[in-house]
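The following note concerns the model shown below.

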Amino acid sequence: MQPEEQTLFLRGRRALLAAVRLPHTSSFEVEEHLDELAELAVSTGCEVVDRKIQSRSSPHPATYMGSGKARQLGERDDWDVLILDHDLSPSQTQNLEKIVDRPVIDRSALILQLFSQRARTREARTQVELAQLQYMLPRLTRYWTHLSRQPGSTGVRGGMGEKQIEIDRRIIRRRISRLKKDLEKIAQTRKTQRRGRKQVFEIALAGYTNVGKTTLFNAITDSDAFVQDRLFATLDSKLRKASLGEGYKAVFADTVGFVRKLPPHLVASFRSTLEEVVFADLVLHVVDASHPQWEDQKRIGEEVLEDLEVKPDRVLTVYNKIDAFEGTPRFEGGVAVSAVTGEGLDRLRAVIRGRMPEPAWMSRIPAEARPS
């Protein structure tokens, strides 16, 4: 199965979701993760028909979930694909597929498919394809079932007796190498562009997916970047210059959102995009204040920023969507705003100005005459 074919794999399919609850996880946490898994699945175009949770003391080494439970699920005829809220090894996936006699994908594969559907620009497509191929390489026995021996003939690589899967591996490795070189060029281009902006204060918007980063980006920069209430609507970083009042100007960057358990290959592939966060003078960590699990999403965002080695003193937390918040907002250590109504944006601009160096013209004005 080629990467571009995977984007169509879940569309129109009936999905059965499953999770394994281990002793260190609560029922609430498992249900919450399944809620997000369902949202991810629906976003790819499939229908979620049911969800099942199995409690175990530890994952089954061969199938992750118990083989008996897998057989029970396989006896049902109301689903087409099994999606597990865990990362599976290639052998676990293969063993499960033999038991249920239907496709099985894990959380990483689901996220990769969703990213593939969302990718629009050359950079995003390159990043997603690289992540997909790196994920697929150890799983070729699943995706490529033509393991018959290749007959030797003129023009056939490998000669008599070589398995087709070995040829496929070489093709994928070569493609991975090419994509890495392409991303290196893209990263170098970004580096050159940043060098050209070194005299401009740079602000990156980061945070969990679907928290309203792009809406806030549009509100601050007076732009019309694509906005939609869906997961990973933004995969490419967008740059816009904006005035913050009193002579202060900055370049804002909208970036890809975070989510629980992002596949490592995907994070690595999107490094060039996330570098807008790494090298920004200030990072606005946007949090959806109206979301029931906003604290958990905030924690995940903080962990990703820490992994990217973004120091806390370069981060300003922005609690968005307060127009949809029930009750009186009480958020400490940040600024509460509504990117939709504009509430709190003037205060946000003022706080950002306080983090910026003075404009050159202001140094020529006596301190007592400067704007307060």
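1. Basis of the note. The model is predicted: local features need pLDDT of at least 70, side-chain atom pairs count only at pLDDT 80 or more, and totals for chains, interfaces and linings use all residues. Residues are numbered from 1 along each chain as its sequence is written, and side-chain values use heavy atoms, with hydrogens and water left out.

2. Overall content. The protein has 13 helices and 10 strands (DSSP runs numbered from the N terminus: helices are H or I with at least four residues, strands are E with at least two). Of the 372 residues in the protein, 50% are buried (buried is under 20% relative accessible area, exposed over 50%, partly exposed in between, with a 1.4 Å probe and protein chains only). Among contacts between residues at least 6 apart in sequence, 67% join residues at least 24 apart (contact means heavy atoms within 4.5 Å).

3. Helices 3 and 4. Helix 3 (residues 67-74) packs on helix 4 (residues 90-100) at an angle of about 45°, with the axes 8 Å apart (axes are lines fitted to C-alpha atoms, for helices over the stretch in contact, and angles run from 0 to 180 degrees between N-to-C directions). The two helices are therefore oblique to each other (under 35 degrees is roughly parallel, over 145 roughly antiparallel, 65 to 115 roughly perpendicular, the rest oblique). Their crossing is right-handed (the near helix is turned clockwise from the far one by less than a right angle; anticlockwise is left-handed). Helix 3 contributes Ser 67, Ala 70, Arg 71 and Gly 74 to the contact, and helix 4 contributes Leu 96, Ile 99 and Val 100. This contact has 4 nonpolar, 2 polar and 1 charged residues (Ala, Val, Leu, Ile, Met, Phe, Trp, Tyr, Cys and Pro are nonpolar; Asp, Glu, Lys and Arg are charged; the others, Gly among them, are polar).

4. Helices 5 and 6. The axes of helix 5 (residues 107-118) and helix 6 (residues 122-136) come within 10 Å and cross at roughly 155°, which makes helix 5 roughly antiparallel to helix 6. The crossing of helix 5 and helix 6 is left-handed. Ser 108, Ala 109, Leu 112, Phe 115 and Ser 116 of helix 5 meet Val 128, Ala 131, Gln 132 and Tyr 135 of helix 6. By class, this contact has 6 nonpolar, 3 polar and no charged residues.

5. Helices 9 and 13. Helix 9 (residues 213-221) and helix 13 (residues 345-355) have axes that come within 11 Å and cross at roughly 80°, so helix 9 is roughly perpendicular to helix 13. Leu 216, Ala 219 and Ile 220 in helix 9 meet Leu 345, Leu 348 and Arg 349 in helix 13. The contact comprises 5 nonpolar, no polar and 1 charged residues.

6. Val 20. This residue lies in strand 1 (residues 14-21) and is buried at 4% relative accessibility. The C-alpha atoms of Val 20 and Gln 54, 34 residues apart along the chain, are separated by 4.8 Å. Not counting residues up to four places away in sequence, Val 20 touches Gln 54, Arg 56, Tyr 64, Met 65 and His 86.

7. Positive phi values. Most residues other than glycine have a negative phi. Glu 309 has a phi near 65°; Glu 309 is in the loop between helix 12 (294-307) and strand 9 (315-320) and is exposed at 67% relative accessibility. Lys 321 has a positive phi of about 65°; Lys 321 is in the loop between strand 9 and strand 10 (334-336) and is partly exposed, with a relative accessible area of 22%.
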